[in-house]
Each structure stands twice: as C-alpha cells, then as structure tokens.
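Trainee: I have a model open and want to go through it. Can we start with the terms?
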Amino acid sequence: MVLQGGLLTRREEPVPLKSISVTLSIREFVAGVSATLNYKNEEEVPLETFFVFPMDDDSAVYSFEAEMDGEKIKAELKEKAKAHSIYESAISNRRQAFLLEEDKYSKDVFCCSVGNLNPGSSVALTLKYVQELPLEADGALRYVLPAVLNPRYRGSGSFEDSCLDMKTPVVPLEDLPYTLSMVATISSQHGIERVQSNCPFSPTKYLGEDKTSAQVSLADGHKFDRDVELLIYYSEVHTPTVAVEMGQPRDNSDGFMKDPSAMVCFYPNIPETQSLVISGEFIFLMDRSGSMQSPISKQDNSQLRIEAAKETLILLLKSLPMGCYFNIYGFGSSYEAFFPNSVKYTQQTMEEALRRVKLMQANLGGTEILTPLQIIYGQPPVEGHPLQLFVFTDGEVADTFNIINEVKRNRLRHRCFSFGIGEGASTSLIKGIARVAGGTSEFITGKDRMQSKALRALKYALQPAVEDVSVTWELPAKLSAKMLSPEQTVLYKGQRLIVYALLSGTMPPAEATGEVYLKYTFQGKSFDNRVTFSLQPKPDDNFTIHRLAAKSFLHAKDMGFRDTPANDKKDVLKISIDCGVISSQTAFVAVSENSNKPVQGPLACRDIPRPVLLGAASVMPQHCACGAPPSFMCLRSVSPAPRRNHYKGMSNQQDGCKPCGPMINKDLCALETSPQMEGACYATQSTNLETHCAVFGENHLVQLISLQNADGSWCLDENLAGILGKSLEDLQAAVPVKDASSLSWATVLAVVWLHSNAIQMKGEWELLEKKARDWIHIHAASIMQELVKAAIALIKSSVDPAIFAI
C-alpha cells in the first residue's frame, strides 16, 4: 500500500510524529543518550497520539521533558497508577499532558503519549538515558540504538494494559513517515583506533591530534530495517578502573542520591586451561517459530535464521565431550523434544540427533517458550552433571517478565546462555534470562555468525568453575561501602565485571585513596585483582554513576509490574523515584502549566505507525503444529477500543496458534545409549556426499564436521574423500605407515584440512578439533609424526605440524 502524501496512517490521517533526532555521547564504556521526538499537529482538531518504541534493556531512562510554544515542561517520575491518574485528569480538563512509561510486560518496550496537541502546534519531547556498553570478544564496545520492534507473540495469559496491545498501525519500511538522525561523540583517554557501524555513517572525524575524541553521524535516509549499531575500538587494552561520583546531600538527606557512588570495572585475569569440563547436562532450546524462516538481516546473502540454527546445532553436537548428557528441544506454539529425557552422549545418540537436526524446519507456529522451559526444569537432574541451558530465539515474545521469573526460580540448578537472533530480538528477554541464571547473552545481527557466538558460550560452559567470588573494600576509618550490585557468583575468562556501591560516612581529605579487591579461586588456586583509587568524588550534572547503580539494583529487584514481590516492590519504587530512573512501577508525567488556554474541540486519537520487517513477522508455516492449515491460524484482531482503554483488546499473535502440546518421537524411548565399539566406523554414517550436499549445499566445512564421530575421530570413506577433493583409493594408497588405522589417517587428514581451509572460522571448530587431537594422541601417538607429514604433503598444505603438539 502506498500512503498518499507520505505522512498518513493507514486510515489516511496525517501522522503527527515528524522526526527522531539522537545525540549520543560515549565516554570510555558508558553511553549518554538524548533522543528527541518532534511532533506537529497538521489537522484542524486537537490530537492525542501514542508511539510505541523499543529501548535497550540496560537503558537507565532518567529524564523526560517537553518543549512547546516556548514553554519547557520537565516531567516528574511518579508511581505508575498516580502518573496515569494525573495524565487522564489533565486530558479531561483540556490541558496538554505527556506520559512516558515502560511496558508492564517487558523492560525493552516503551510508550510515549501526547495529549491535547493543539491544531498547528509543535512539540519536542526529549528523553535521556545512560547505559553501560557491552564488551565484545574482539575488544570492541558495542552501542545499539534499537530501531526495530517486531510484533511480539503472546500466549494465552492476560495482557491487560500492555503497550503491545495498542492497535498501532504497521507500515512497510519505504512508507514510514518519520526520519531518524544521530550524531555520536566518542571520547577515551586511551585513544580511539576506529569506529565501525552496520549502517551508513559519515567518516570518523577526530577532534584532536591525539585521537582521544571523535565524532560520527548517521547518514540521511535510515530505513528502520535494522538497529543502529556502533562498534568502538580503543587503542589500548581495557584496564581496571574505579570512578567515584559526588552525591546530592542537600536535596536527598536520606535518599539514594545522598552519598557518593562508586563504579568499579574489573577485567579478571583468569588463567588459560587445557583441562575442560567433561561432565554436564547440555540442553539446547531452539526457536522453530515461523519467523525463524526469515534471513538474519536485510543484508544481501544473509543466511536464513533456521539454516544458521541447524549449522550451529551441528557444531555444538560435535563439540560436546564424551560422557556428558544432552537433549535438543524445538519450540513454537508447541514444542518437540529429540529424546524423552536427556541421554548420554554416544555415537548412537549423537547420530540420531544429527539426523533430526538436518530435518528441522521453522514450522512450529508462534514463540511459546515458557512451556518447554517448565518441562525442562521439571525433568529430574542427572547426578554429577550440572545443567547448562542454551536458548536460541528471535525474541518475539510479549511477556518477558514471566519467562525471566521462571528461569530465576531455577537459577540454583543451572546456568543459562541466551542468543537473540535477528533485528528486533527482545533485549529484555535475552539479557534477562542470562543475567538471572549466571550465563552470558549474545545478539546475532547483520553479518554476525550464530555459530561462532554459540561455540564461544559453549567454551564458557566447559571452563572449570571460578569459585569463592567476592568483592572487598579497604577504606579509611568512618567510611564504608554498601554494595548495590547483586552478589557475583560466576566469572568467565575474557569477560568484564562491573559492580556498584554507595560510599557512606565521612569522606577523607582529597589525597586519600582506597582499594577494592576482586577475589576468586580457580582450580584450587587463589587469585585477587586489586585497584587503588582516589576517594575524591567528581561532580556530574547527570549523576551517571548513581543512575547506572540504580539500574543495576533494579535489574536484580524489578521483576515486572505484576510479579515483583511486595517487599521488593517497595524498594523498587523508592530507588526509582529517588534516582529518577524509570521502572515497571513508575512513569514520567508532565502537564502544561498554561491553564489560561484550555484546548478547544473534540479530541482525536492518532497512533504513530511503526515499521515492520516484512518477511520476519509475516512468515507463516504451511501448517500449524496442530496440523491446521494456514486459514485456521489464530490471528486475532478486534476493533479499536475507546480512548480511555486504548491498550486493551488487540493481540499481536502473528506468529502462529495456541500451544498444542508436546511432540516427542516415541520410537526414541528405547534408544540404546551403550558405548560405541572402539575403533569401528558406523553404518549410519554412510550417507553419501550427495545427501550431505543436499542438506548443506556447498559448505564443505559443515559437511566435514557433520561426518565427525562422537569420540572426535573421522572415518576414511567416500564422503571424506569428496570433501578433500581426492578419490578414496588415493587416500588409502597414501597411508604412510603399514597397518595404520584408517580412523587415525582420516582424522589427521580432517584436522589438517580444517587448519588449511577454514582457519578464519577457527572459533567455530576449535573444540571439536581439540577432541580430534586428543583422540589422535590416545590412538596413534607412536605414528602421529609420519601421519601428519604425509597428510600435509597430500593436501599440499603449509600447516605447521606443531598444531598437533608433536
């Protein structure tokens, strides 16, 4: 549909939102953001507008103000019900009013309401927030401005008063009637090496010869087809720091803002180890909803989400240690389990799982993740094998709090690693479930590879546990530190740790210093990282550290409008209002003080259109999980509700139908899990190369990996020969040692091929390659040198034989 004039809703009404402008300031690893929404009423009647938009889950929103007809109105943060009452009263009394709130069901969805906007009037609404920037594996800091809010699937529960229930028009990207601009200023004492983005940006402009400050700006014409992402690389390696910020003792005699706050950033130097954990119950929960049939991004040649998921599962399966337990679940409106319970990892169970992975499709309807989670947690634990849960989803779920709370209730028995797939994945869901269960979270967008990020998480899961983690302070007498961050129990090599504290008591002279220690035990040895810092607090008009500290506290306590326990709700409300940081229990409200000119005429409602990535939200399976054809899918829609009830009565259940119950292949109930025969090749591995090509196309890396045996070895057969570009006869004739095992020769050939042809993807196969090398050392140590030399010559490789640790 083409919108006449370009500034109309689907009902051909003018859209009052004209532009969004963002000013971004990044200092070291903290971002400060000011976003302005510019509205203009071009109609002849007063308007009330509603704009639903995404926010990053880590954003601490602390300011909301309106500027209209020369009047600047600063909003106050109130308890949510009171804020709504003030707003509704103002609208009824024909006064101009503004409301900003977090959705009751998800921290990463916000709604901005503008009431009684006069004909011809313009208004600029500015919200401000701060957030920590996550550290990527390559050392980059990652900032994301969310621009995509996909339709969220909602289950059978109640969603009264959700922003996502508003009848918000969705339009194709090319018809979106407002624009986005962004200017970013970056500063670091370490120097800025480079800035990269997934969107067209101006060249980096350095603001000084020392390159400690730089500026970039988003090119005109952003299409809202992707979140705006910046990767910032500093010139020096990140080092531990402590920043102390002055409080507001005069204005907050007993509040959160009274005392100075401290932000401590550690980079734990956990030693390298070759001894990976070999026990564990590994469960992979994979989204198979209809939207997984979409590409990961809108970029050319982007891989389909479901295809990337299948390759990822194959890599994970091949990288598991012998003797562990595992299972794979797929979920949509219903769910499927590969096995009735987790099974021991053997050749036979691995092959059966591999067979089913190759047949996987995005055909299970909606995104109903809660039920399979409850089924997984309801299974009896495997003694001696701690549960490690890996969740892969495009995150199009409405009630994220409910899911996070379910994971939190089971946090003591497992770790959860989560992966958000594609643009618009819910940051609240993906970050939330990992945060409460001691795992890590990753987002796969643009040219990111799900495979590499998943294998990095598996390495974390296989690391020996870091134990006895504690943070202690050494401060002058009469000064103490009150920790605000939740107790840290998990550390991973290469990860950053940020903690917050309030410093209460008598501040010492300016030259005084304090120390903070991060202590932990790793493989029986004790370690401590210490940082010495100045106790002289620095002023900051935005109180950045206080607000980030408040956000850290709210992450731990705020479990949603409905589900936060009564005691925690009281603390959440107090901290939120003291610091001015929005929560599920509060909302910003502003009312014009100009009461001399009440708004005249009947009030008309206008919902601001939002973009939809056509092809992501609209993909449907050929049949629902229950077998119903597409015409029977539950795509509920009702007429718009009255203004006072504008959240109710609309479902975004665009991804499928209601849950139909579990699907389990009952033939697998009696599947044998007995150990494999030593040194044998397996008949079920004998699928020909044509079959592998039909499943994996020309991806020889995935073809090779899919042929690996559970113990790490490869069989010498036609499949391997085809990938190596040789005949089986040639491979057999080239065996350098008489009576050498064909498994040993094939495994050495496969390892050499990996290092010769896929070294750029080493992060994806190094675990399974280590398994292969370990197998070679056990079964062919005496002849390994001859096998390696012959393999390098046959493949015509320049690989260093040292990779085999000869």
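Mentor: Buried means under 20% relative accessible area, exposed means over 50%, and partly exposed is in between, with a 1.4 Å probe and protein chains only. This is a predicted model, in which local features need pLDDT of at least 70, side-chain atom pairs count only at pLDDT 80 or more, and totals for chains, interfaces and linings use all residues. Residues are numbered from 1 along each chain as its sequence is written, and side-chain values use heavy atoms, with hydrogens and water left out.

Trainee: What share of the protein is buried?
Mentor: Of the 806 residues, 59% are buried.

Trainee: And how many helices and strands?
Mentor: There are 16 helices and 34 strands. Both are DSSP runs numbered from the N terminus: helices are H or I with at least four residues, strands are E with at least two.

Trainee: How many salt bridges does the structure hold?
Mentor: It holds 27, a salt bridge being a side-chain nitrogen of Lys or Arg within 4 Å of a carboxyl oxygen of Asp or Glu.

Trainee: Take D57 and R435. What do their side chains do?
Mentor: They form a salt bridge, 3.1 Å from N to O. D57 is in the loop between β3 (47-54) and β4 (60-68) and R435 is in helix α6 (residues 427-436), so the pair ties together parts 378 residues apart in sequence.

Trainee: Are those two buried or partly exposed?
Mentor: D57 is buried, because its relative accessible area is 1%. R435 has 32% relative accessibility, so it counts as partly exposed.

Trainee: Next, R142. Which residue does it form a salt bridge with?
Mentor: E229, with the closest N and O atoms 3.1 Å apart. R142 lies in strand β10 and E229 in strand β16 (residues 228-234), so parts 87 residues apart in sequence are tied together. R142 is buried at 12%, and E229 is buried at 11%.

Trainee: What about K459?
Mentor: K459 pairs with E766 in a salt bridge, the closest N and O atoms being 2.2 Å apart. K459 is in helix α7 (residues 450-462) and E766 in helix α15 (residues 762-779), so this pair links parts 307 residues apart in sequence.

Trainee: Back to strand β10. Where is L141, and what does it touch?
Mentor: L141 is in strand β10, which covers residues 141-145. Leaving out residues up to four places away in sequence, its contacts (heavy atoms within 4.5 Å) include E28, F29, L230, L231 and R496.

Trainee: Buried or exposed?
Mentor: L141 has 1% relative accessibility, so it counts as buried.
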